[in-house]
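Biologist: I would like to learn how to read the contacts and the symmetry in a model of several chains. Could we go through it feature by feature?

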There are 4 protein chains.
Amino acid sequence: MIEFDLPAISQFVDEHVIPLEPLLLSQQWSELNSALSRIRKKVKYQNWWPTHPELKPMPLYHMGLLSEIVGRSPLGHYAFGFQAPDIGNMELLEQFGSAELKNKWLRPLKLGDIRSCFAMTEPNNPGSNPTLLSTTAEIKNDQWVINGHKWFTTSADGAQFMIVMAITDPSAPKHLRASMILVPADTPGMKLIRNIPVMGHSGHGYFSHGEIEFKDCHIPVNNLIGKAGQGFKLAQHRLGPGRIHHCMRWIGVANRCFDLMCKHVKNRQITDQQVLADQALIQAKVADAYTSIQAARALVLNTAKHIDDTNFEATRFNISMIKFHCADMLQKVINHSLQCLGSAGMSDDHIIAYFYREERAATIYDGPNEVHQLSLAKQILKSY
Amino acid sequence: MIEFDLPAISQFVDEHVIPLEPLLLSQQWSELNSALSRIRKKVKYQNWWPTHPELKPMPLYHMGLLSEIVGRSPLGHYAFGFQAPDIGNMELLEQFGSAELKNKWLRPLKLGDIRSCFAMTEPNNPGSNPTLLSTTAEIKNDQWVINGHKWFTTSADGAQFMIVMAITDPSAPKHLRASMILVPADTPGMKLIRNIPVMGHSGHGYFSHGEIEFKDCHIPVNNLIGKAGQGFKLAQHRLGPGRIHHCMRWIGVANRCFDLMCKHVKNRQITDQQVLADQALIQAKVADAYTSIQAARALVLNTAKHIDDTNFEATRFNISMIKFHCADMLQKVINHSLQCLGSAGMSDDHIIAYFYREERAATIYDGPNEVHQLSLAKQILKSY
Amino acid sequence: MIEFDLPAISQFVDEHVIPLEPLLLSQQWSELNSALSRIRKKVKYQNWWPTHPELKPMPLYHMGLLSEIVGRSPLGHYAFGFQAPDIGNMELLEQFGSAELKNKWLRPLKLGDIRSCFAMTEPNNPGSNPTLLSTTAEIKNDQWVINGHKWFTTSADGAQFMIVMAITDPSAPKHLRASMILVPADTPGMKLIRNIPVMGHSGHGYFSHGEIEFKDCHIPVNNLIGKAGQGFKLAQHRLGPGRIHHCMRWIGVANRCFDLMCKHVKNRQITDQQVLADQALIQAKVADAYTSIQAARALVLNTAKHIDDTNFEATRFNISMIKFHCADMLQKVINHSLQCLGSAGMSDDHIIAYFYREERAATIYDGPNEVHQLSLAKQILKSY
Amino acid sequence: MIEFDLPAISQFVDEHVIPLEPLLLSQQWSELNSALSRIRKKVKYQNWWPTHPELKPMPLYHMGLLSEIVGRSPLGHYAFGFQAPDIGNMELLEQFGSAELKNKWLRPLKLGDIRSCFAMTEPNNPGSNPTLLSTTAEIKNDQWVINGHKWFTTSADGAQFMIVMAITDPSAPKHLRASMILVPADTPGMKLIRNIPVMGHSGHGYFSHGEIEFKDCHIPVNNLIGKAGQGFKLAQHRLGPGRIHHCMRWIGVANRCFDLMCKHVKNRQITDQQVLADQALIQAKVADAYTSIQAARALVLNTAKHIDDTNFEATRFNISMIKFHCADMLQKVINHSLQCLGSAGMSDDHIIAYFYREERAATIYDGPNEVHQLSLAKQILKSY
């Protein structure tokens with residue numbers, strides 16, 4: 001198994017990735033993309049590309065340690081090639097894709113040569129309940145014909161393929177109605193209506209959330225992933241690891257904000273004799289943020305280890321727990337750091353305001369906190 | 001004293017002001033400005049312009065009731081002509097401006113013919129301590145000569161004048177060092193360096209926060225507001241009412257978000273039989289948001305009444321209290337509503353994400369929450 | 001209408017009621033009872049007995065102002081004769097009791113010559129759902145025959161009568177099954193099994209919570225309050241005002257704790273130069289406690305005024321709101337004050353530890369917070 | 001190193017220790033003491049006595065696992081012989097006691113044949129600042145002569161000796177003024193004034209907190225622990241491990257409350273069809289309590305491991321962190337469980353009300369939360 005040189009990677013992120021953030025904050029998309037391409041080459045050259053097809057998969061525990069380092073920048077995971085939603089699609093295709101799909105789509109995806117997206121959420125159905133879908137796929141003339149409407153399809157803009165969740169057997173029992181189908185980007189009938197304006201911006205390319213229409217979109221039957229009716233099961237498989245990937249990344253985001261906050265309060269003069277860091281109410285925020293990060297990190301790494309030792313099924317319990325716990329921790333730490341920076345925290349001169357906007361979604365996507373809380377409690381209460 | 005027809009105004013806001021919000025969310029500034037000009041004419045035609053020079057000033061209590069209605073839209077106060085920072089400058093000039101300044105600047109400001117701004121905060125000094133300033137104004141040849149650097153000067157872009165806080169006597173006791181000077185927008189030596197990108201946007205015109213440089217900027221001595229050395233005292237006078245104006249507006253913002261949240265959860269189907277509103281965790285958020293709004297509103301209106309009956313000095317105590325209490329309430333209600341809307345809450349299809357971004361500053365500007373908490377406590381503890 | 005001299009009453013509480021608290025804290029029941037009897041005579045002599053039969057009933061708003069003053073001591077309401085559960089029973093008998101019941105029981109109760117209690121909660125049924133009861137009352141030979149088991153019957157020990165809620169028509173629709181019957185204390189078949197040990201003590205007399213058994217307990221048919229089947233409706237009538245009485249009292253409890261906390265931190269030396277009050281984290285607690293009390297007080301007094309102007313039905317909405325809001329406020333303020341006193345706060349040298357124990361029930365009795373939150377939300381959401 | 005059979009111990013606690021709790025709750029001290037003596041014999045017979053002089057000391061990590069099991073009962077640690085304050089005194093004497101003191105006092109203490117206490121806190125000085133003490137010890141005629149006043153000396157009643165912190169050199173630098181002296185219980189001049197009534201009870205024997213007076217109390221010079229002037233250093237040594245012992249025990253308390261809460265809500269019928277556990281607001285409390293316990297547990301066990309691998313000095317940082325984090329977690333879990341049990345939770349029919357009362361002190365003793373927060377923050381901020 002590979003063991004990455006984490007301190008060296010950390011330094012690389014500081015020196016090469018973080019300096020690109022102003023391009024993101026000022027929406028200079030083409031400059032950003034070129035710069036990221038150069039960075040990715042350097043990362044590969046260093047053999048730090050965790051999804052490289054020739055490497056043995058990394059245990060989740062090590063993935064977690066890597067993730068919290070590169071996650072300090074919103075560009076980090078992309079720079080190292082294991083960004084959502086692609087990493088989830090890789091895991092899905094690895095486990096359930098046919099040899100043909102793997103060869104055609106998975107290999108270039110792992111190499112970072114193409115991008116992908118995952119279309120499940122629909123505007124008229126609650127994202128928290130994947131059994132409620134309106135998009136359909138019927139077989140006609142040996143082809144899937146897809147009709148429907150998806151949104152918040154992250155990174156759809158520019159993706160070479162998407163994995164679409166659609167109802168394939170409306171008369172089956174609830175959890176057996178849907179299937180997953182791989183849809184190439186250039187398929188007629190599929191249309192990216194818009195990049196949804198989110199928190200003030202429509203974004204671009206990888207940094208966007210698409211709204212997509214399917215009108216009689218024809219797809220080869222072999223593009224089915226797994227078996228027909230397995231959609232819900234596969235979604236669970238995909239979302240489980242997806243959630244822990246998010247948690248591991250959030251530790252990195254929280255650490256970054258914490259760092260910026262500590263640096264700022266140590267330097268910000270408030271009287272002739274005092275800096276902000278001398279104030280007890282600031283210190284209380286520092287202690288609270290630090291402790292919250294450490295507690296969340298301990299839970300995440302314990303869970304990762306537990307998954308490495310057993311499997312996702314055995315830990316679904318824990319994944320619900322860390323999903324909402326870490327998402328809450330993240331909001332708190334971001335808010336503490338923004339508050340400590342004051343008006344500077346509101347400005348785009350620092351990354352904190354970006355995290356404040358974008359990561360607000362952490363308590364919403366992949367199951368809102370409320371859903372995970374109830375799900376965790378129900379499982380616990382079963383044993384009483 | 002005037003008594004506005006609040007239900008009619010509420011309907012007007014719903015029918016004429018709120019429909020303009022998409023122009024704000026999509027940064028269509030010139031369309032927005034034209035539309036707002038048309039609306040302002042209608043408001044004046046209805047005699048709903050609270051700062052009209054011919055009207056007796058409204059008691060704060062009634063201002064509060066008006067504010068919570070128009071405050072439901074980020075365009076509301078501007079549409080009715082009593083938007084910050086202009087309203088604060090009006091109050092300042094009314095009380096401390098010379099007849100000449102009143103005639104030249106206050107009258108058109110009250111009529112909404114011009115805009116203004118207030119330049120106090122500096123990038124290298126804490127905004128919470130107005131005795132710490134680097135900007136200076138010296139008298140040379142019978143003119144003030146201003147040098148310095150300001151930022152987060154809200155609405156500087158396009159303002160016809162600004163009120164600048166500058167050190168005029170560095171050797172005086174701390175609270176007597178600064179003065180306030182009215183600086184016309186076209187004065188050489190004053191330069192709007194940039195509209196600061198805040199929460200992803202630089203904004204435009206009224207909807208912006210400027211960074212400003214003064215290099216040997218010459219101003220007539222008569223442009224002094226009040227007396228030399230009164231700057232700190234005037235800032236207190238200006239900020240006191242300013243804070244209660246914000247609180248009254250926040251009640252409106254919170255009510256708007258609460259409304260959107262209740263409507264959404266009543267309509268959002270989550271299973272065949274249930275809508276979101278049927279879920280206890282959603283109901284708990286509804287109860288919490290409602291109660292928090294009512295409590296904050298009761299405190300604000302009580303304080304307004306108290307000020308009407310006495311004066312600002314007698315209630316500085318209460319103003320600190322409502323400033324941080326309402327700012328915290330606002331963050332909570334916005335977050336509850338965003339969470340209840342889920343991914344739609346993150347999108348710019350609704351106004352909630354805008355409030356989430358912009359109103360995060362509520363716990364920061366005009367004194368961060370921490371400062372007001374300590375200030376309130378110290379005053380309480382004096383009597384023990 | 002009477003207007004009590006509140007400052008004089010406040011001084012009386014300080015000088016005569018609060019000094020008796022050590023007798024309560026050390027469970028010297030007989031000394032306490034004698035002392036309270038003497039105090040009650042003085043209160044009556046001053047014409048401060050709000051339930052005196054010759055006085056016109058006090059508006060709730062004024063009751064609230066009185067309650068927050070005498071509520072500063074756990075002995076206050078009893079000393080002034082309007083203590084729960086008697087005050088609730090008075091209101092019930094006043095409105096629904098027959099002339100005979102009023103003459104025999106209400107008059108001496110209002111004069112403080114006797115005590116009473118209210119037996120609704122049962123050990124095997126949830127207190128939050130008064131339609132779920134096991135205690136029954138059947139008419140046999142022109143007498144009610146009661147069988148059942150009650151607990152947390154506050155002040156049963158030594159009460160001259162109790163009002164019992166029992167199922168009188170099990171086949172009726174849910175809300176019409178129960179009735180209320182007045183049971184004299186010496187009735188055979190009724191047995192006080194024990195004073196339930198609560199928070200370490202079984203208490204005594206007025207300061208106790210009884211567990212009671214009814215075995216073929218015969219009661220005259222005329223002891224029915226209101227009509228048969230009205231039990232649930234009467235319970236609502238009784239609990240509505242009961243809840244606002246609690247809220248008004250809690251403001252007093254919170255004020256007392258706040259006072260003790262402020263006094264302590266001003267006097268507690270922590271270094272040669274500093275007292276606790278100089279510490280920002282202490283100041284933050286002071287500001288938080290003060291603001292929370294003011295907000296809760298504003299809501300309670302607004303609600304009382306609203307009830308005075310309309311009626312309880314119109315404000316059930318608001319009563320749910322203040323019930324859980326004030327109960328939460330109270331826990332917070334008690335906890336802040338205990339924390340500020342440190343180990344002294346844990347000791348019975350101060351009243352805070354007593355409030356900490358006894359008032360923990362505030363979020364539980366008369367409907368737990370969770371029930372009121374959901375009830376409030378459901379009513380709000382109806383209008384959307 | 002010993003490895004205890006934790007599942008067997010857990011069963012033993014359930015079957016033998018927990019059934020004794022009613023004796024504690026009803027203050028039947030002599031019955032309780034006899035029963036505990038019998039239990040302790042059984043524990044020793046099983047070789048489960050962790051402080052036995054013949055055993056190699058247990059690593060903290062294993063101590064933590066043991067502690068969370070026996071800590072489920074307030075009688076657990078005493079039953080297994082490693083209760084505070086004795087365990088802290090053992091560690092102190094082990095490291096700093098003379099051979100004579102070890103032989104005379106440490107050995108029987110480890111065997112559970114005697115009890116001890118630790119007298120540091122004083123009524124007129126803040127417990128959080130061990131450099132502020134009024135108790136003095138002077139050498140006269142080759143004996144220490146102690147004068148002073150201590151309180152909250154846990155378990156003083158019946159202890160065979162106490163370790164007293166006293167100023168021995170008032171002219172030395174602040175941290176070198178105090179020393180620790182072992183005072184046998186029968187020494188003239190030392191007087192247990194009272195067991196302080198705490199949360200309604202004065203307690204008894206081991207379960208008490210004493211107030212103690214020293215008037216010319218003569219002690220042999222050899223009873224000094226460590227060296228003169230080392231008092232403050234020794235206090236740090238003693239309190240560091242003491243704090244982690246508390247944290248480990250609190251996990252047990254929290255687990256016990258969590259268990260009782262889950263059992264109750266699964267069994268408590270609220271309608272014909274539903275139990276409390278079916279309610280989402282209850283489920284949210286279950287999820288919150290569970291997650292909070294797991295996060296605190298992960299931090300405590302990580303810290304214990306870290307201490308085993310390094311030493312206390314290296315982890316003082318972490319100990320401050322877990323002290324306040326676990327104390328807060330404990331208050332939350334106890335409150336959730338009490339709330340879920342409703343009025344039963346207030347009664348002494350369950351252990352929850354006991355924990356609610358006694359463990360409120362967790363955020364106060366051994367340094368209040370506020371002190372640990374600031375201390376943690378200051379250490380973190382040093383590195384920025």
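Modeller: Let us begin with the term that the first case needs: two residues are in contact if their C-beta atoms, placed from the backbone, lie within 7 Å. Please keep in mind throughout that this is a predicted model.

Biologist: With that cut-off, how many residues does the contact take from chain C and from chain B?

Modeller: The contact takes 26 residues from chain C and 26 residues from chain B. On the side of chain C that touches chain B, the elements that give two or more residues are helix 8 (231–267), helix 9 (280–309), helix 10 (316–341) and helix 13 (369–382) of chain C, and helix 9 of chain C supplies the largest share, twelve residues. Sorted by class, that side of chain C has 17 nonpolar, six polar and three charged residues.

Biologist: How should I describe the relation between two copies of a chain?

Modeller: In general, two copies of a chain are related by a rotation about an axis and a shift along it. Here, chain C is superposed on chain B by a rotation of 180° with 0.0 Å of shift along its axis, and the RMSD is 0.0 Å. Of the residues of chain C, C:Ala295 comes closest to the rotation axis, with its C-alpha at 2.6 Å. The copies meet through the same surface, because 100% of the interface residues of chain C are also interface residues in chain B.

Biologist: Which elements give two or more residues to the side of chain B that touches chain A?

Modeller: In this contact, 32 residues of chain B meet 32 residues of chain A. The elements that give two or more residues to the chain B side are helix 10 (316–341), helix 11 (343–346) and helix 12 (352–358) of chain B, and helix 12 of chain B gives the most, with three residues. The residues of that side divide into 16 nonpolar, eleven polar and five charged.

Biologist: How do I read a pair of helices that belong to two chains?

Modeller: Two packed helices are described by the angle between their axes and the distance between the axes. The axes of helix 13 (residues 369–382) of chain A and helix 9 (residues 280–309) of chain D come within 8 Å and cross at roughly 85°, which means that helix 13 of chain A is roughly perpendicular to helix 9 of chain D. Among the residues that make the contact are A:Leu374 and A:Ile380 of helix 13 of chain A, and D:Val286 and D:Tyr290 of helix 9 of chain D. By class, this contact has ten nonpolar, two polar and one charged residues.

Biologist: Finally, what is there to read in strand 5 of chain B?

Modeller: As a general idea, the side chains of a regular strand alternate between the two faces of the sheet. Strand 5 (residues 178–184) of chain B is largely enclosed by the rest of the structure, because six of its seven residues are buried. Seven bridges join strand 5 of chain B to strand 4 (residues 161–167) of chain B, and the two run antiparallel; B:Ala166 stands opposite B:Ser179 in strand 5 of chain B. Two bridges join strand 5 of chain B to strand 8 (residues 224–225) of chain B, also antiparallel, and B:Met180 has B:Ile225 in strand 8 as its bridge partner.

Conventions
Residues numbered from 1 in each chain as written. Chains lettered and ligands numbered in written order. Predicted model: local features only at pLDDT ≥ 70, side-chain atom pairs only at ≥ 80, totals over all residues. Axes fitted to C-alpha atoms, helices over the stretch in contact; angles between N-to-C directions. Helix = DSSP H or I, 4+ residues; strand = E, 2+ residues; numbered from the N terminus. Parallel < 35°, antiparallel > 145°, perpendicular 65-115°, else oblique. Nonpolar A, V, L, I, M, F, W, Y, C, P; charged D, E, K, R; others polar. Buried ≥ 20, exposed ≤ 12 C-beta atoms within 10 Å, placed from the backbone. Pairing = 2+ DSSP bridges. Least-squares fit on C-alpha atoms with pLDDT ≥ 70 in both.
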